Amino acid sequence: MGIRAITTSRPASIVSSMTADLPRIIVPIRYLDDRGWFSETYHEQRLRDLGITCRFVQDNQSNSKRAGTLRGLHFQLPPAAQAKLVSVMRGRIVDVAVDIRRGSPTFGRHVSIELSAQSGRQVYIPVGFAHGYLTLEDDVVVMYKVSDYYAPAHDRGICWNDPEIAIPWPFKEADIIISDKDRRLPLLKEFASPVAYDGHPLGPLTVLEL
């Protein structure tokens, strides 16, 4: 059996934009044969060619035992602000990015996508966006690269169920599992963002092949 490349289809309504530093879906190509598949899941130069120019310096992994586990909405403040490249190694999640850039016309708006180990899709979360995810299955493993090291003094977050953001999480609130730390995060209106708007409003997620 010969080797062939397989990718996830790109929605026709999505127009690629590689100049704005906005959340994007990254689809690594998978090369399939009778043994399974092979994929280059990270390629610095190709990401740069797609407009993602930050340097990732740390890899993080998390394991969530139960479906309905929510982690977020998290970010770090400058000078330790982090961009992220998120992948799912096992299971499925709903991944969310919220615009927290000061002065942005889309401040407080969010985009979301389902990521899974089966699809291999990744999502890029730039600086200026809060990030969170909810597990859709038991025993989920998530891996994400970050562009700066963890800095507890700069660690911040926004309340996951803030009515101003109104994320439609696919679980009832009573069934969501969340840490005490995340449960105490402030509302968006209580946060004065130090990250300025860069002229590019949040729009539909662009799909880019790696």
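## A buried ring and its partner

Phe-56 is buried, with a relative accessible area of 12%, where buried means under 20% relative accessible area, exposed means over 50%, and partly exposed covers what lies in between, all with a 1.4 Å probe and protein chains only. The structure described here is a predicted model, in which local features need pLDDT of at least 70 and side-chain atom pairs count only at pLDDT 80 or more, while totals for chains, interfaces and linings use all residues. Residues are numbered from 1 along each chain as its sequence is written, and side-chain values use heavy atoms, with hydrogens and water left out.

Rings of Phe, Tyr and Trp (for Trp, its six-membered ring) are taken to pair if their centres lie within 6.5 Å, and planes under 30 degrees apart count as stacked, over 60 as edge-to-face and the rest as tilted. By this rule the count comes to two aromatic pairs. In one of them, the ring centres of Tyr-42 and Phe-56 are 6.1 Å apart and the planes stand at 75°, so the pair is edge-to-face. This pair links distant parts of the chain, since Tyr-42 lies in the loop between E4 and helix H1 (44-49) and Phe-56 in the loop between H1 and strand E5 (58-64), 14 residues apart; helices (H or I, at least four residues) and strands (E, at least two) are DSSP runs, numbered from the N terminus. Tyr-42, at 29% relative accessibility, counts as partly exposed.

## The second aromatic pair

Phe-75 and Phe-191 form an aromatic pair that is tilted, with 5.1 Å from centre to centre and 55° between the planes. Phe-75 lies in strand E6 and Phe-191 in the loop between helix H2 (180-183) and strand E14 (206-209), so the pair ties together parts that are 116 residues apart in sequence. Both Phe-75 and Phe-191 are buried.

## Charges over rings

A charge is said to sit over a ring if NZ of Lys or CZ of Arg is within 6 Å of the ring centre and within 35 degrees of the ring normal. Lys-145 lies over the face of Tyr-42, at 4.5 Å from the ring centre, and the charged end of Arg-30 sits over the ring of Trp-37, 3.8 Å from its centre.

## Ser-39 and its surroundings

Ser-39 lies in strand E4 (residues 36-39) and, at 14% relative accessibility, counts as buried. When residues up to four places away in sequence are not counted, Ser-39 touches Pro-28, Ile-29 and Arg-30, where contact means heavy atoms within 4.5 Å. The side chain of Ser-39 also reaches the backbone oxygen of Ile-29 at 2.9 Å.

## The five-stranded sheet

Five strands form an open sheet in the order E9-E8-E11-E6-E13, and the pairing is antiparallel; two strands pair if DSSP finds at least two bridges between them. The edge strands are E9 (110-116) and E13 (155-157), each of which pairs on one side only. From one strand to the next the twist averages 30°, with axes taken as lines fitted to C-alpha atoms and angles running from 0 to 180 degrees between N-to-C directions.

Seven bridges join strand E8 (residues 92-99) to strand E11 (residues 129-135), and within this pairing the partner of Ala-97 in E11 is His-131. Strand E6 (residues 70-76) is joined to E11 by three antiparallel bridges, and here the partner of His-74 in E11 is His-131. Three bridges also join E6 to E13, again antiparallel, with His-74 standing opposite Gly-157 in E13. Five of the seven residues of strand E6 are buried, so this strand is largely enclosed by the rest of the structure.

## Backbone geometry

Most residues other than glycine have a negative phi, and most peptide bonds are trans. The peptide bond from Gly-72 to Leu-73 is cis, with omega near 5°, and Leu-73 has its place in strand E6. The bond from Pro-78 to Pro-79 is likewise cis, with omega near 10°, and Pro-79 lies in the loop between E6 and strand E7 (84-90).

Asp-139, although not a glycine, has a positive phi of about 55°; this residue is found in the loop between E11 and strand E12 (140-146) and is partly exposed, with a relative accessible area of 35%. Ala-166 also has a positive phi of about 55° without being a glycine. Ala-166 is found in the loop between E13 and H2 and is partly exposed, with a relative accessible area of 48%.

Methods:
A polar contact is a pair of N or O atoms within 3.5 Å; within protein, one must be able to donate a hydrogen and the other to accept it, and residues adjacent in sequence count only if both atoms are side-chain atoms.
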